[in-house]
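Dear colleague,

I am handing over the structure below, and after it I set out what was found on going through it. Please keep in mind while reading that this is a predicted model.

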Amino acid sequence: MGSVRTDGDTRGLFRQIGGRIDRRAGGHLYRQVGRLIEQTIRGGQLRPGDLLPPQRELSQILRISEVTIRRALQDLANRGLLEARPGSGTVVLAGTPGPAGVGEPRRVLSIGIAFTNLTDGYPFFGPLLEGVRRDAPQPVSVRLFDTPPLENSSPAFAPPASLEPRDSLPSLDGLDGLILMSPVNLSLLTMAQERRLPVVLLYSDIHDGYSRCLLVDHARGVHQAVRHLLERGKRRLALVTADASRFSTGRWVEAFTTALETHNLELRPDWIHHAGYHEQDGYRAAGQLLRQHPRPDAVLMASDYQARGGLIAAHELGLNVPDDLAIIGAGRVLDPAGWPVPLTTIDLHFDQLGQHARQIIEQWAAGRHDLPYRTAIASSLVVGQTS
C-alpha cells in the first residue's frame with residue numbers, strides 16, 4: 001500500500017468524481033455522490049488513511065452544495081468507510097474489503113441489462129444471467145430494461161437527430177453499469193455514455209472508443225462441427241440461423257461459409273435459412289429444407305430450441321437421426337434429462353459472457369479504464385447423439 005495522501009493529493013480524484021456526476025438523474029444527489037466516492041474507495045484509488053479535502057473545497061470541486069457533501073460523507077461515515085477527525089478532517093477508514101467483518105454490510109453491485117424482447121431472440125438469457133452472478137465478490141442486483149426495437153436500434157451508430165426522446169427511456173439512476181444486448185438501443189447507449197456509466201455491449205461490435213464489446217467467436221465451434229460431420233460421412237450441410245438483421249447472423253454465415261470452403265464442400269444459398277430462435281421456427285425451417293431435392297444430410301441450427309423443432313420435423317418425415325439427418329444445435333441450453341436424445345450442440349458459453357461482462361463493470365467502476373475494447377469468447381462443439 002502506498003503512503004497516506006493529504007487533501008491536496010486527493011483533489012484530482014474528486015475532480016474525476018465531479019465529471020461523473022449526472023445532475024439530470026432522478027433521486028437524491030447525495031446518494032449518487034456517496035456511491036461515486038464509495039466506488040473510488042472500494043477500487044483502491046482512495047486508500048485507508050487518505051485525507052479528503054475540506055467540505056467547502058469539495059463543494060467547489062464537485063459544484064454541489066455543502067449540505068449535499070455533508071450528507072453524503074455522513075452516510076459513508078455511518079457505514080464505516082470514512083471518519084471525521086477533529087483538527088484533521090475526513091479520513092478514509094476502509095479500502096477494498098477482504099472478508100466481511102461482523103455486521104459489516106456487503107455493497108450490492110447494481111447492473112442493468114437492456115434487451116429488445118426477452119421472449120423473441122434470447123433463449124440464452126438464463127445462462128447469461130447465471131454467469132453475471134457467478135463467483136461475484138459481492139451481491140449482484142440485476143435490473144431488466146425492455147426497450148422495444150426502434151428505427152435507431154442498430155449495430156451501427158445513427159445520427160443524433162434520430163435518437164429517441166429522453167423522457168421515454170428508462171432511468172439509469174443507481175446503476176453501477178449497463179449491459180446492452182443486440183440490437184443496441186442507441187439512445188440508451190448515448191445516455192449511458194453521457195453519465196460515464198460503464199457499458200458492455202453483447203453480440204455487437206461498435207467502435208465508439210467508450211463501450212466494451214463482448215462477442216462470441218462462432219468460427220471455432222462451427223469448424224469443429226463441420227469436421228465432425230465430415231468424419232461421419234455427411235457432405236450436404238445446411239444452416240438455419242436467426243433473422244438477417246441480427247449481429248450474430250452474419251457471424252454464423254461467415255463461419256459456416258468459411259468452414260465449407262475449407263473442406264471443399266458445396267455451398268448452396270438455398271440451404272441457408274433465416275428464422276427465429278424458437279422450436280416452431282426450427283420446425284418450419286427444417287421442414288422446408290427437408291422437402292428439397294436433393295435434401296441436406298446435416299443441419300446446423302443457431303439455437304438448441306431450433307434444433308428441437310428440427311428433430312420433430314425429421315421424425316414426422318420418417319427420417320432417422322443421425323443416420324438420415326444429423327442435427328446440431330447451439331447454446332447448450334437444453335437440460336439433457338428433458339429430451340430423450342442428448343443433443344449435439346455448439347456451446348456459445350453465454351455464462352462466460354455474463355461473468356466477463358460483470359467483471360468489466362467491476363473493474364471499470366474501480367477505475368480500470370485500460371480494459372480491451374473488444375473481447376471474443378470462443379465457441380466449442382459438444383457431441384451428443386444427434387450427429
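**The sheet and its helices**

Strand 8 (residues 237-241) and strand 9 run parallel and are joined by 3 bridges, and within this pairing threonine 241 stands opposite histidine 274 of strand 9. Both strands belong to an open sheet of 6 strands, whose order is 9-8-10-11-12-14 and whose pairing is mixed. Strand 9 (272-274) and strand 14 (380-382) each have a single partner strand and stand at the edges, so one side of each is left without a neighbour in the sheet. From one strand to the next, the twist averages 20°.

Two helices can be described against this sheet. Helix 7 (residues 218-231) lies across strand 8, strand 10 (298-301), strand 11 (326-330), strand 12 (344-347) and strand 14, and runs at about 45° to strand 14. Helix 8 (residues 247-262) also packs on the sheet, where it touches strand 8, strand 9, strand 10, strand 11 and strand 12, and its direction makes about 170° with that of strand 8.

**A helix pair**

Elsewhere in the chain numbering, the axes of helix 1 (residues 11-20) and helix 3 (residues 55-62) come within 9 Å and cross at roughly 45°, which means that helix 1 is oblique to helix 3. The crossing of helix 1 past helix 3 is right-handed. Helix 1 contributes Arg11, Phe14, Arg15, Ile17 and Gly18 to the contact, while helix 3 contributes Glu57, Leu58, Ile61 and Leu62; by class, this contact has 5 nonpolar, 1 polar and 3 charged residues.

With kind regards

Notes:
Residues are numbered from 1 along each chain as its sequence is written. This is a predicted model: local features need pLDDT of at least 70, side-chain atom pairs count only at pLDDT 80 or more; totals for chains, interfaces and linings use all residues. Side-chain values use heavy atoms; hydrogens and water are left out. Axes are lines fitted to C-alpha atoms, for helices over the stretch in contact, and angles run from 0 to 180 degrees between N-to-C directions. Helices (H or I, at least four residues) and strands (E, at least two) are DSSP runs, numbered from the N terminus. Angles under 35 degrees count as roughly parallel, over 145 as roughly antiparallel, 65 to 115 as roughly perpendicular and the rest as oblique. A crossing is left-handed if the near helix is turned anticlockwise from the far one by less than a right angle, and right-handed if clockwise. Contact means heavy atoms within 4.5 Å. Ala, Val, Leu, Ile, Met, Phe, Trp, Tyr, Cys and Pro count as nonpolar, Asp, Glu, Lys and Arg as charged, and the others, Gly among them, as polar. Two strands pair if DSSP finds at least two bridges between them.
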